[in-house]
Amino acid sequence: GCAVYCQDTLSEKIPKTKLEKVSLGIGTIVKKEFIDLYSYQGKGLFNSANFSAQVLNIKDAESGLSLSGLLISTVSSGSLYSSGSSYTAYVDLDEIPGMVKFLDFMQTLPGQVEKNYVEHNYNCKDLKIFAYYTNRFNKKDKFDWYFGIKVDRYYSASSNSVEISGFKELSQKIKEAF
């Protein structure tokens with residue numbers, strides 16, 4: 001019904017980050033500068049992501065307000081019947097140190113053995129990065145670590161697997177840029 005549809009539409013339009021709020025400014029001239037930072041090409045067979053990270057510099061010409069942060073975009077691989085979808089997340093400057101700390105923490109996980117299913121999650125306002133330890137597909141006795149990124153909290157399809165090396169490279173590039 002309309003109640004559900006209207007609610008979904010509203011949740012998409014409410015900016016979650018400072019970057020997004022200024023970016024969507026109405027009645028003002030907004031300059032956006034996109035600086036390519038990192039591009040990842042997924043290698044996995046199951047819901048593997050291609051994602052890119054850009055430094056985003058925004059300036060509101062009227063107020064003189066300037067903001068910087070990250071713009072992370074993913075494109076899911078799709079399937080035989082669909083071409084995949086793209087999703088974008090804004091990461092404010094004040095969220096970046098915690099995000100880098102989590103990316104570095106994730107590098108310590110491969111090789112660690114757990115007794116049960118375990119998840120590690122890092123949430124920004126508009127982005128989630130995660131690691132989980134679970135049994136391999138079709139092999140109940142073989143456990144492993146899996147890593148991923150979810151760019152839009154409202155759409156499970158925006159959740160994609162990423163090799164740990166992709167997160168290591170992303171962390172390095174963010175440290176160089178900020």
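## Exposure and the model

A residue counts as exposed when its relative accessible area is over 50%, as buried when that area is under 20%, and as partly exposed in between. D94, at 52%, is therefore exposed. The model described here is predicted, and its salt bridges number 5.

## K18 and D94

K18 and D94 form a salt bridge through their side chains, with an N to O distance of 3.3 Å. K18 belongs to helix α2, which covers residues 18-23, while D94 sits in the loop between β4 (86-92) and α3 (96-106), so the bridge ties together parts that are 76 residues apart in sequence. K18 has a relative accessibility of 43% and is partly exposed, whereas D94 is exposed.

## K125, E95 and D92

A salt bridge also joins K125 to E95, whose closest N and O atoms are 3.9 Å apart. K125 is in the loop between β5 (118-123) and β6 (128-136), and E95 is in the loop between β4 and α3, so this pair ties together parts 30 residues apart in sequence.

The relative accessible area of K125 is 30%, which makes K125 partly exposed. E95 is buried, at 9%.

## D104 and K175

The side chains of D104 and K175 meet in a salt bridge with an N to O distance of 2.8 Å. D104 lies in helix α3 and K175 in helix α4 (residues 164-177), and the pair links distant parts of the chain, 71 residues apart. Through salt bridges with shared partners, D92, E95 and K125 form one network.

D104 is partly exposed, with a relative accessible area of 29%. K175 is also partly exposed, at 43%.

Note on methods
Residues numbered from 1 in each chain as written. Predicted model: local features only at pLDDT ≥ 70, side-chain atom pairs only at ≥ 80, totals over all residues. Heavy atoms only, no water. Salt bridge = Lys/Arg side-chain N within 4 Å of Asp/Glu carboxyl O. Helix = DSSP H or I, 4+ residues; strand = E, 2+ residues; numbered from the N terminus. Buried < 20%, exposed > 50% of the residue type's maximum accessible area, 1.4 Å probe, protein only.
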